[in-house]
Amino acid sequence: MNRSLIKVNAPALILIDIQIGFQDVGYWGEQRNNPEAELRASELLNIWRDNQFPVFHVQHCSSNPASLLHESHAGNQFNPLVTPIDGEPVIKKRVNSAFIGTDLQSQLDDAKITTLIIAGLTTDHCISTSTRMAGNLGYRTFLVADATATFNRRGIDGQNFPAELVHQTALASLDKEFATVVKSDVIHQSLASDAADKIKIFIRDKRNICLPERDN
């Protein structure tokens with residue numbers, strides 16, 4: 001069986017923590033990179049819906065009542081750009097990984113999904129943790145760089161690490177080890193032809209990157 005055929009094994013779009021609470025930059029840091037990340041994610045979502053590919057919305061539900069992402073706060077709600085519609089599963093999590101304490105893995109495996117396209121917030125926290133685990137679990141994982149974003153971080157000695165630096169180093173740590181990091185235009189190009197039921201090859205940096213097989 002050719003597992004690159006989407007109609008046999010459709011790639012799932014995993015949108016992680018694209019929630020209203022992350023619009024409050026001051027709560028999370030002093031500055032944020034990639035202000036159009038949510039828009040890029042919404043464009044991917046529209047493509048997935050148009051092609052009737054599987055979409056999973058991951059929602060962080062903090063156990064801290066003071067957190068903007070606690071279910072008692074409006075910040076817990078999804079960003080309107082990516083509001084789930086009927087038939088799109090919502091995966092509620094309480095820790096960084098979308099796989100811990102949830103049924104995401106079982107839903108993916110039941111649907112024979114082996115390829116994941118990940119986007120969302122934040123690059124160095126829940127995106128990184130979930131991407132690492134997806135790779136360790138054996139999924140063919142693609143992380144969309146311009147559909148993710150993060151905030152600046154303070155180092156242990158008080159250094160201020162800019163958001164873009166944190167974002168880029170997180171992506172560099174993931175690429176080729178846990179996932180293939182791509183930009184959204186690569187995804188658009190891969191699905192732009194008449195053969196929109198295939199996602200066999202992504203083109204990045206003038207090289208062909210074939211999706212590896214996953215042993216089930």
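**View A. R40 and E43 sit three residues apart in helix 2, so about one helical turn separates them.** Helices here are DSSP runs of H or I with at least four residues, strands are runs of E with at least two, and both are numbered from the N terminus. R40 forms a salt bridge with E43, with 2.8 Å between the closest N and O atoms. A salt bridge requires a side-chain nitrogen of Lys or Arg within 4 Å of a carboxyl oxygen of Asp or Glu. R40 is buried at 17% relative accessibility, whereas E43 is partly exposed at 27%. Buried means under 20% relative accessible area, exposed over 50%, and partly exposed in between, using a 1.4 Å probe and protein chains only. E36, R40 and E43 are linked in a salt-bridge network. The model is predicted: local features need pLDDT of at least 70, side-chain atom pairs count only at pLDDT 80 or more, and totals for chains, interfaces and linings use all residues. Residues are numbered from 1 along each chain as its sequence is written, and side-chain values use heavy atoms, leaving out hydrogens and water.

**View B. Two further salt bridges involve R32 with E38 and E88 with R49.** The closest N and O atoms of R32 and E38 are 2.8 Å apart. R32 is buried at 18% relative accessibility. E38 is buried too, at 7%. In the other pair, E88 and R49 bring their closest N and O atoms to 2.7 Å. E88 belongs to the loop between strand 2 and strand 3 and R49 to helix 2, so this pair ties together parts 39 residues apart in sequence. E88 is buried at 12% relative accessibility; R49 is partly exposed at 25%. The whole structure has 10 salt bridges.

**View C. Helix 2 covers residues 37–51.** Its 15 residues reach 21 Å from first C-alpha to last, close to the expected 21 Å at 1.5 Å a residue. That expected span is 1.5 Å times one less than the number of residues. The buried residues of helix 2 include A41, L44, L45, I47 and W48. Its buried residues pack against strand 1, strand 2, strand 4, strand 5 and helix 6 (184–190). Just after the helix, Q52 takes a positive phi of about 60 degrees.

**View D. Strand 2 (residues 55–60) is largely enclosed by the rest of the structure, because six of its six residues are buried.** V55, H57 and Q59 point one way; F56, V58 and H60 point the other. Four bridges join strand 2 to strand 1 (residues 12–16), running parallel. I14 stands opposite F56. Four bridges also join strand 2 to strand 3 (residues 90–93), again parallel. Here H60 stands opposite K93.

**View E. Six strands form an open sheet in the order 3-2-1-4-5-8, with parallel pairing.** Strand 3 and strand 8 (180–182) are the edge strands, each pairing on one side only. Strands count as paired when DSSP finds at least two bridges between them. Helix 5 (residues 163–174) lies across strand 5 and strand 8, at about 175 degrees to strand 5. Angles run from 0 to 180 degrees between N-to-C directions, with axes fitted to C-alpha atoms, for helices over the stretch in contact.

**View F. D17 lies in the loop between strand 1 and helix 1 (25–28).** D17 is buried, at 0% relative accessibility. Leaving out residues up to four places away in sequence, D17 touches F22, V58, Q59, H60, K93, L121 and C126. Contact means heavy atoms within 4.5 Å.
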